[in-house]
Amino acid sequence: TLNTPKPDGLKKIKKIFSNLKRVNISYIAAGKYSIKSQAPSPKEADKIIKKALEEIENFAKKEEIEFSK
């Protein structure tokens, strides 16, 4: 989940997602998103998703956006 009360919050969340590579982000509901990745093996896909989550978390902290897995 990503949440922020800031007026430009949606713009910042979109910026987070635009910087990610090798993953597909889908909107589920208010503040909730699905992350998917395709790779030759499940372990590789898991590594890609974990890296994407770390990037999201780091950017969210920097921009003061609430992030939870």
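Which strand and which helix each supply at least two residues of the lining of the largest pocket? They are strand S3 (32-36) and H2 (DSSP runs: H or I of at least four residues for helices, E of at least two for strands).

This is a predicted model, where local features need pLDDT of at least 70, side-chain atom pairs need 80 or more, and totals for chains, interfaces and linings use all residues. Residues are numbered from 1 along each chain as its sequence is written, and side-chain values use heavy atoms, without hydrogens or water.

**View 1. Helices H1 and H2 pack together.** Look for H1 at residues 9-18 and H2 at residues 42-62, with an angle of about 150 degrees and axes 10 Å apart. The two are therefore roughly antiparallel (over 145 degrees).

**View 2. Residues of H1 meet residues of H2.** On the H1 side, find Lys12, Lys15, Ile16 and Phe17; their partners in H2 are Ile56, Phe59 and Ala60 (heavy atoms within 4.5 Å).

**View 3. The largest pocket holds about 190 Å³ of space.** A pocket is an open set of points on a 1 Å grid where a 1.4 Å probe fits, with protein on both sides within 12 Å along at least five of seven lines; lining residues have an atom within 4 Å of a point. Among its 13 lining residues, Thr1, Tyr33, Ile35, Leu53 and Ser68 are closest to the centre.

Notes
Axes fitted to C-alpha atoms, helices over the stretch in contact; angles between N-to-C directions. Parallel < 35°, antiparallel > 145°, perpendicular 65-115°, else oblique. Points joined across faces, edges and corners; volume = space filled by probe spheres on them.
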